[in-house]
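Here is a short briefing for a reader new to this structure. Take a look at it first, then go through the points by topic.

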Amino acid sequence: MNTAMTQSEALANAQRTRADDLGAFRQMVASSFVPLRVSTEYAGRFSARMVSADADDVVFTEVVARPHLVERTPETIADGGSGYYKVSLLLSGSSILVQDGREVVMRPGDLSVYDTSRPYSLLFGEEFRNLIMMFPKDRVDLPIPFTEQLTAVSLGREHSGLAPVVTAFLSQFPAQLANLDGRVRAKLAHTSLDLMGTLFSSILDADPAQRDPHQLLLQKITAYIESHLGDTALSPSIIAAAHYISTRHLHSLFREADTTVSTWIRERRLERCRADLLDPVLQDRTVSTIAARWGFTDAAHFSRVFKAAFNASPSELRRA
């Protein structure tokens, strides 16, 4: 067995850590998640353990611990770590999640999401087991203002049909993920993201009568863009005409979502290329073929913007 294979296998192993006091647990949390404040009123001996595995910027962490309070405060936000969603699947025990003026009591099997860019608190009142999936916010195909409606709610209660499918899939991590080849792990991470995006979209579509008309229109537009990413002629004028609005109105909608039309198209195309480059089924396709599939006709330009977005060229990503 060569050295590269040994290193690959070492990376595939789940990281397992234990803590026998609150100080050690705080260090575990700091190294596994974003900056957080951790405290407890538990009178007994504190203990916790974590198992973590990651694939393509998606981190799965299972936490088993005694009662405590986790807080994402303005001070910890200032220390970094914004720009992530954390999806929590409670496996045992109970918890209370508070964010954006909403509060939800979580029971075993419940699924919830919170945003590291804004304050939140998570109280565990008894010994618990919790699975957390953390990923960059731009890995979900929805404008951020949409997903802000989903924080601190029970996703399972909002969509009782699809949520059990998602929880059944996620509950296999991270133990199973750690034993798989890197490419397969990346593919499963993408599948997890696709499932979460589908769940988010399904919940947001469940009651469109209560939605802001601008948000509804923006969601239709982003869905249109998603289905036409491979079209090299895709442009603001074409998108606006397809939705019977002016290009000025189109740009205004994307400004409200803190982005631009061109940025949205480029990021979605790059993400599609990244997924294809990591897909073992497509390993026989050239980089230029994959780039062209998603609307990049200039190979040199594609390589530059891809490296700027992911800190690695398309070829380096495949080799890694």
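Glu127 counts as partly exposed, because its relative accessibility is 46%. Its salt-bridge partner is Arg66, with the closest N and O atoms 3.3 Å apart. Arg66 is partly exposed too, at a relative accessible area of 22%. The model is predicted.

**Confidence**
- The protein chain has a mean pLDDT of 84. In the chain, 90% of residues reach 70 or more.
- Residues 1-13 have a pLDDT below 50. Beyond near neighbours in sequence, this stretch makes eight contacts in the model.

**Salt bridges**
- The count of salt bridges comes to 14.
- Glu127 sits in the loop between β10 (120-124) and β11 (128-136), and Arg66 in the loop between β4 (58-65) and β5 (68-72), so their pair ties together parts 61 residues apart in sequence.
- Asp115 forms a salt bridge with Lys137; the closest N and O atoms are 2.9 Å apart. This pair links strand β9 to the loop between β11 and α4 (144-147), 22 residues apart. Asp115 and Lys137 are both buried.
- A network of salt bridges links Asp100, Arg102, Asp115, Arg118 and Lys137.
- Glu226 and Arg268 meet through their side chains in a salt bridge, 3.1 Å from N to O. Glu226 belongs to helix α8 (residues 213-227) and Arg268 to helix α11 (residues 261-278), so the pair ties together parts 42 residues apart in sequence.
- Glu226 is buried, with a relative accessible area of 16%. Arg268 also counts as buried, at 6% relative accessibility.

**Strand β9**
- Strand β9 (residues 111-115) is largely enclosed by the rest of the structure, because five of its five residues are buried.
- Both faces are covered. Leu111, Val113 and Asp115 lie on one side, Ser112 and Tyr114 on the other.
- β9 pairs with strand β6 (residues 84-92) in the antiparallel sense, over five bridges. Val113 in β9 is the bridge partner of Val87.

**Aromatic rings**
- The structure holds nine aromatic pairs.
- Tyr85 and Phe200 pair edge-to-face, 6.5 Å centre to centre with 80° between the planes. Tyr85 lies in strand β6 and Phe200 in helix α7 (residues 182-205), so the pair ties together parts 115 residues apart in sequence. Both residues, Tyr85 and Phe200, are buried.
- Phe296 and Phe302 form a tilted pair, because their planes stand at 45°; the ring centres are 5.0 Å apart. Phe296 is buried at 9% relative accessibility, and Phe302 is buried with a relative accessible area of 2%.
- One aromatic cluster is formed by Phe296, Phe302, Phe306 and Phe310.
- The charged end of Lys86 sits over the ring of Phe33, 4.3 Å from the ring's centre.

Definitions and conventions:
Residues numbered from 1 in each chain as written. Heavy atoms only, no water. Buried < 20%, exposed > 50% of the residue type's maximum accessible area, 1.4 Å probe, protein only. Helix = DSSP H or I, 4+ residues; strand = E, 2+ residues; numbered from the N terminus. Pairing = 2+ DSSP bridges. Phe/Tyr/Trp six-rings, centres within 6.5 Å; stacked < 30°, edge-to-face > 60°. Lys NZ or Arg CZ within 6 Å of the ring centre and 35° of its normal. pLDDT = per-residue confidence, 0-100. Contact = heavy atoms within 4.5 Å. Salt bridge = Lys/Arg side-chain N within 4 Å of Asp/Glu carboxyl O.
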